[in-house]
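Visitor: Hi! Could you walk me through this one?
Guide: Happy to. Have a look first, then ask away.

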Amino acid sequence: MSMSFKELMKVLGLGAVALVLGVEWLNWLMRRLRDSRGPLKEVLFFPSPQVCVEHLFIRHKHFPCACPLPHGVETSFSRLLVHLLSARMSLDLCVFSFSHMELSRAILLLHKWGVVVRVVTDRDYMTITGSQIGALRKAGICVRHEMSSAVHMHHKFALVDGRKLITGSLNWTLTAVQSNKENVMVTEEPELMGPYQQEFQKLWEANDPANHKPQCTNEQLNIKTCKDG
C-alpha cells in the first residue's frame, strides 16, 4: 500500500526531530563526560626534544613533510602549540622574553585567523637581538610594554579565549624550550583564571601609552619643544 504525500512528510518530519534530539543528547552526554573529569589540568616540563610541528600550522593536516626531524611525536612543546592554536576569539599574552620563531609564527597565525591578540612585554627585553615583538607589531598586533624603567615585566602567562590559562617559568625563547629545566601549567580552572585575567587587565591599562606623558630630553627642554607646562 503506497504512502500518501502527507504521510510521507509526517514520517520525514518525525525522522528529522529524532535526528535533532539524538544530536542534542549526544552533545549533552559529551558535556557530562567532560564535566565529570573536571576542568582541564595539564603540566608540561621542559626541555623539549626537537620534533616536526609543521602539521600544527596547516589546517589540512595530510601533507608530506621532508624535514629531517621526527614526525608524529607529541612533546611538551607541541602540546604548548596545540593549546595556543586552540584560540578562536582572543589571546592575551604576558611574556618577558620572546624570541622563539615557532611561537611567533603561532601568534601571527592566530592574528591572521582573526583572533584578537594583545601582548604585554618588558621594555628592555623587547628590543634585544632576535626579539619577535617587532614582527608582531609590524603585523598589526597590539603590544604594550612596561612603562616603568624601575621594574621588569617578568610574567610568563597566556589567556586563551578567556577560559584557558597557560602559565609557568618558561620564557618564549629557543634556549628555554630546548635547553632549560622549565615548567608550564595549563588549566581551565575558573578560580585560577580570574586572578590572571585581572592582572592582565591591570597591566594593559597601566601601560597604555595614552596615559603617559613623553619624557623630555635635555635637548628638548633647551629648545622648548616638549610642552609639559
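Visitor: Where does methionine 185 lie?
Guide: Methionine 185 sits in strand 7, residues 182-187. Strands here are DSSP runs of E with at least two residues, helices are runs of H or I with at least four residues, and both are numbered from the N terminus. Before we go on, this is a predicted model, where local features need pLDDT of at least 70, side-chain atom pairs count only at pLDDT 80 or more, and totals for chains, interfaces and linings use all residues. Residues are numbered from 1 along each chain as its sequence is written, and side-chain values use heavy atoms, with hydrogens and water left out.

Visitor: How exposed is methionine 185?
Guide: Methionine 185 is partly exposed, at a relative accessible area of 31%. Buried means under 20%, exposed means over 50%, and partly exposed is in between, with a 1.4 Å probe and protein chains only.

Visitor: OK, new topic: which residues of helix 2 are buried?
Guide: They are Ser76, Phe77, Ser78, Leu80, Leu81, His83 and Leu84. Because 7 of the 9 residues of helix 2 (residues 76-84) are buried, the helix is largely enclosed by the rest of the structure.

Visitor: What about tryptophan 204, buried or exposed?
Guide: Tryptophan 204 counts as buried, with 8% relative accessibility. You'll find tryptophan 204 in helix 6, residues 190-206. The C-alpha atoms of tryptophan 204 and valine 120 are 6.8 Å apart, although the two residues are separated by 84 residues along the chain.

Visitor: And how many cavities does the search find?
Guide: The whole-structure search turns up 1 cavity of 30 Å³ or more. On a 1 Å grid over the protein atoms alone, a cavity is a set of points where a 1.4 Å probe fits but cannot get out; a pocket is an open set with protein on both sides within 12 Å along at least five of seven lines, and lining residues have an atom within 4 Å of a point. Grid points are joined across faces, edges and corners, and a volume is the space filled by probe spheres set on the points.

Visitor: What is the volume of the largest cavity, and what lines it?
Guide: Its volume is about 70 Å³. The lining includes Leu80, Phe157, Ile166 and Trp172. Strand 5 (156-160) and strand 6 (164-168) are the elements giving two or more residues to that lining.

Visitor: How much space lies in the largest pocket?
Guide: About 250 Å³. Of the 18 residues lining this pocket, Gln50, Val51, Val53, Leu69 and Glu102 are the closest to its centre. Helix 5 gives the largest share of the lining, 3 residues.
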